[in-house]
Amino acid sequence: MQKYIMALDQGTTSSRCILFDKKGSICSMAQMEFTQIFPKPGWVEHDPMEIWSTQIAVAAKAMGKLGVTEKDIAAIGITNQRETTIVWEKATGKPVYNAIVWQCRRTAEKAEELAKDGFGDEIHKKTGLIPDAYFSATKLAWILDHVEQGRERARSGELLFGTVDTWLIWKLTGGQVHVTDYTNASRTMLFDIHKRRWDTEILQKLDIPCEMLPEVKPSSTVYGYTKDCLIGDGIAIAGAAGDQQAALFGQCCFRSGEVKNTYGTGCFLLMNTGDWPVISGNGLLTTIAAGVGDQVPYALEGSVFVAGAAIQWLRDDLRMIDRAAESEIWCRKVEDANGIYVVPAFTGLGAPYWDEKATASISGITRTTGKAEVIKAALDCIAYQITDLVRAMEQDTGMRIEELRVDGGPTRNGYLMQFQSDITNKRVKIPDAEELSGIGAAYMAGISAGVYDLEKLAGNMKRSVYEPKMDDEIREKKYAGWKAAVDGVLSK
Ligand code: ADP
């Protein structure tokens, strides 16, 4: 009897494997960190072989903890760091270069160049993305530029391109299957999200041979079976999605208008917009969400660069606290931030401002301002930035967001969660499980393997709830103060 669903969660700093039972509960977990390679300032690489070896090792370890074999695993679901780009030789399986990680800025100039002469708008319309080095397109072109005869070899079918999902599926199937899913394809900046196919014009502009691209499939479908694999052969690989889309699915945001936010170092807010690819007037990205069967829903995405990182700054640079969790104790010491605002524009500001030259500030300081107010303002700025995105999404879609489903380390901060609910005037819901991307990957695989039922999943999850309690007038006054503080740091 096959009792378990395996989620492979391939993240930026570690590879993780989680085994779920048929009810969707976590039974076993293993994790391994791997090497971050920084060849130059602003450059970030991973060794694809290490991504693979750590991923398969944690899979074996998670199975070992439960004493199960391949016969006990009904299906594998994959969730992965998005946009990270790998090129390898089809014949040998050897990568021709290290994986260029999403964070890597080496192609910033190339991305700017590509966006010139109106082509940036063209890219935005087709791919839903705002041209940037972040996405796979310019990273792939860079590898082809720097590998001997890269383009010729790619054209003749010798080289294959993939994001991390593609690489893992290819390795798991013993080099038999070269595929990606819609969510990962939608982050390459090479994929027309409306026509749902690789875009010939963008490919030509970057001189990327279409022969090297994977076939694009739905997120919840059987891609292939494990072969010549350490964890055993014949296990169905039945789901895949980029980490943020997997978390949206894991939060059971299956319907249009449902929103999740993941708080971490930064934040990722995604809204399911159903059949409608909303092109944002506020600098949000349009992307493909994970669907069931042949469904290909869309999502709007906004990110905050500095969220939990503001708390790390309090801890490591200002040395106001020893641990992140201590910030909550200080927040409880004062009623209010008393007009203090922290705008954490350490690396400029993202949506809806998009100002890379904006600089950070602490404003509203008086003679009586103390540590507690500054700490409180640093926590508040996380919630204000999310409010900016929530309001932008409501404006772009004309829909009212009912609630925020949230996850990530900072959701342990009860003060922050209540303030988030108050300042957005939305209910905030926190699931009792933490691994939302892994859960999403398991759900997708479990649904296509016939183990999980979509309708039942949403009912399974236990959540704690914060309800908004703030007076409308106070909320609008506080938010207006935030907008004024942001206005003070914008470069134009
Ligand atoms: P990531 O995967 O991005 O590292 P995590 O979900 O592990 O994110 O969250 C880590 C971040 O959350 C850190 O930036 C840390 O400062 C912040 N954080 C953790 N616990 C708390 C807390 N109780 N209150 C506020 N921030 C917190």
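## Ground rules

Contact here means heavy atoms within 4.5 Å. Helices (H or I, at least four residues) and strands (E, at least two) are DSSP runs, numbered from the N terminus.

This is a predicted model, so local features need pLDDT of at least 70 and side-chain atom pairs count only at pLDDT 80 or more, while totals for chains, interfaces and linings use all residues. Residues are numbered from 1 along each chain as its sequence is written, and side-chain values use heavy atoms, with hydrogens and water left out.

## Helix H3 and its cover

Helix H3 covers residues 119–127, and Phe-119, Gly-120, Ile-123, His-124, Lys-126 and Thr-127 in it are buried. Buried means under 20% relative accessible area, with exposed over 50% and partly exposed in between (1.4 Å probe, protein chains only). The elements covering those buried residues include helix H2 (108–114), strand E10 (191–192), helix H8 (200–206) and E17.

## The seven-stranded sheet

E17 also turns up in an open sheet of seven strands, ordered E17-E18-E16-E15-E21-E22-E23 with mixed pairing. The edges belong to E17 (285–288) and E23 (463–466); each has a single partner strand, so one side of each is left without a neighbour in the sheet. From one strand to the next, the twist averages 30°. For pairing, DSSP has to find at least two bridges between two strands.

## Strand E15 up close

E15 (residues 259–263) pairs with E16 (residues 267–274) in the antiparallel sense over five bridges, and a hairpin of three residues joins E15 to E16. Lys-260 has Leu-270 in E16 as its bridge partner, and Asn-261 has Leu-269. E15 also runs parallel to E21 (residues 403–407), with four bridges joining them. In that pairing, Val-259 stands opposite Leu-404.

How many residues of E15 are buried? Five of the five are, so E15 is largely enclosed by the rest of the structure. In a regular strand the side chains alternate between the two faces of the sheet. For E15, Val-259, Asn-261 and Tyr-263 point one way, while Lys-260 and Thr-262 point the other way.

## Where H1 meets H6

Helix H1 (residues 48–66) and helix H6 (residues 164–172) have axes that come within 11 Å and cross at roughly 65°. Axes are lines fitted to C-alpha atoms, for helices over the stretch in contact, and angles run from 0 to 180 degrees between N-to-C directions. The crossing is right-handed, meaning that the near helix is turned clockwise from the far one by less than a right angle.

On the H1 side, the residues are Pro-48, Met-49, Ile-51, Trp-52, Gln-55 and Ile-56, and they meet Val-164, Trp-167, Leu-168, Lys-171 and Leu-172 in H6. By class, this contact has nine nonpolar, one polar and one charged residues. Ala, Val, Leu, Ile, Met, Phe, Trp, Tyr, Cys and Pro count as nonpolar, Asp, Glu, Lys and Arg as charged, and the others, Gly among them, as polar.

## A loop residue and a cysteine

Thr-12 sits in the loop between strand E1 (4–10) and strand E2 (14–20). Thr-12 counts as buried because its relative accessibility is 16%. Leaving aside neighbours within four places in sequence, Thr-12 is in contact with Phe-34, Gln-36, His-46, Gln-81, Val-101, Trp-102 and Gln-103.

With a disulfide taken as a pair of cysteine sulfur atoms within 2.5 Å, the count comes to zero. Cys-252 is also buried, at 4% relative accessibility.
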